[in-house]
Amino acid sequence: MASKEPEHEHREDQEAPAAEDEDTGAQVAPIVKLEEVAVSTGEENEDPILDLKSKLYRFDKEGNQWKERGAGTVKLLKHKETGKVRLVMRQSKTLKICANHLVLPTMTVQEHAGNDKSCLWHASDYADGELKDELFCIRFASVEKVAESQKPKEENKDASDAAGQLEKLSFQEKAGEEKAVAKKEEKETKVDTEKADTEKKDGEPASST
């Protein structure tokens with residue numbers, strides 16, 4: 001009679017667990033040790049006064065057409081020490097800077113083609129590492145979001161500076177105050193002069209007849 005032991009041993013070999021599934025408890029040290037590195041955004045000394053999702057375009061003078069610069073978040077940042085405001089916009093996926101320039105009182109912002117969700121302006125931009133005179137056009141999702149972002153908040157009173165027109169208004173008010181002070185000083189000087197003339201006249205001896 002043929003023995004069945006080889007067949008039985010063959011079945012045991014099939015049922016034996018694979019060696020690669022066994023937990024040896026060995027720990028492998030990493031070849032390269034990565035250390036945490038602090039990343040600077042360049043915005044640490046600035047307070048955000050506007051933060052909105054939008055799409056930015058720039059006018060290509062050579063091609064005489066608008067070209068998309070990127071879609072992402074546009075910010076108005078106010079420096080904590082100097083008080084200067086700059087506009088910064090990064091692309092949402094790559095975080096690449098697509099706009100970076102100061103907001104000046106001399107800038108004018110106007111609607112583009114009668115669309116209240118789009119506006120355009122000129123600026124000396126530094127997004128490409130060198131100053132360039134650019135014509136930008138930005139489009140927001142809705143006017144309501146823009147209006148809500150410009151409402152002053154108790155925890156951040158600088159939010160009222162979000163609009164460029166407010167920057168221009170503050171500049172005009174300052175000029176008006178300086179003009180008023182100059183006018184006041186001029187009036188006081190005139191009064192002092194008249195008073196001095198009167199005192200001089202009173203102090204003159206009467207002419208003898």
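These legends walk through several close-up views of one predicted model.

Residues are numbered from 1 along each chain as its sequence is written, and side-chain values use heavy atoms, with hydrogens and water left out. Because the model is predicted, local features need pLDDT of at least 70 and side-chain atom pairs count only at pLDDT 80 or more, while totals for chains, interfaces and linings use all residues.

**View 1. An open sheet of 7 strands.** Start with the whole sheet: its strands follow the order β4-β3-β2-β1-β7-β6-β5, and the pairing is antiparallel. Strands here are DSSP runs of E with at least two residues, numbered from the N terminus, and two of them pair if DSSP finds at least two bridges between them. At the edges stand β4 (97-102) and β5 (110-112); each has a single partner strand, so one side of each is left without a neighbour in the sheet. From one strand to the next the twist averages 40°, an angle taken between the N-to-C directions of lines fitted to C-alpha atoms, on a scale from 0 to 180 degrees. As background, strands of a sheet pair through backbone hydrogen bonds, either parallel or antiparallel.

**View 2. β1 and its two neighbours.** Strand β1 (residues 46-60) runs antiparallel to strand β2 (residues 65-79), and 14 bridges join the two. To find your place in this pairing, look for Lys-53, which stands opposite Thr-73 in β2. β1 also pairs with β7 in the antiparallel sense, over 5 bridges. A handy landmark there is Ser-54, whose bridge partner in β7 is Phe-140.

View 3. The antiparallel pairing of β2 and β3 covers 7 bridges, with Gly-72 standing opposite Gln-91 in β3. The hairpin of these strands has 5 residues between them, and Gly-83 takes a positive phi near 80° there. Moving on, β3 and β4 are also antiparallel and share 5 bridges; Leu-87 faces His-101 in β4 as its opposite residue. Their hairpin likewise has 5 residues between the strands, and here Leu-95 takes a positive phi near 60°. β3 is mostly covered, with 5 of its 7 residues buried, where buried means under 20% relative accessible area, exposed means over 50%, and partly exposed lies in between (1.4 Å probe, protein chains only).

**View 4. Two aromatic pairs.** A search of the whole structure finds 2 aromatic pairs. Rings of Phe, Tyr and Trp (its six-membered ring) pair if their centres lie within 6.5 Å; planes under 30 degrees apart count as stacked, over 60 as edge-to-face and the rest as tilted. The rings of Phe-59 and Trp-66 are edge-to-face, because their planes are at 70°, with the centres 5.3 Å apart. Phe-59 counts as partly exposed at 22% relative accessibility, and so does Trp-66 at 30%. Trp-121 and Phe-136 make a tilted pair, 5.7 Å centre to centre with 40° between the planes. This pair links distant parts of the chain, 15 residues apart: Trp-121 sits in strand β6 (residues 115-125) and Phe-136 in strand β7 (residues 132-140). Trp-121 is buried at 6% relative accessibility, and Phe-136 is buried with a relative accessible area of 1%.

**View 5. The largest nonpolar core.** This core has 19 residues, and those with the most contacts inside it are Leu-56, Val-74, Leu-76, Leu-87, Trp-121 and Ile-138. Such a core is a set of buried Ala, Val, Leu, Ile, Met, Phe, Trp, Tyr and Cys residues joined through side-chain atoms within 4.5 Å. Two or more residues come from each of β1, β2, β3 (85-91), β4, β6 and β7, and β1 gives the most, with 4 residues.

View 6. The structure holds 0 disulfides, a disulfide being a pair of cysteine sulfur atoms within 2.5 Å. For Cys-137 the closest cysteine sulfur is in Cys-119, at 7.0 Å, too far for a bond. Cys-137 is buried, with a relative accessible area of 5%, and Cys-98 also counts as buried, at 1% relative accessibility.
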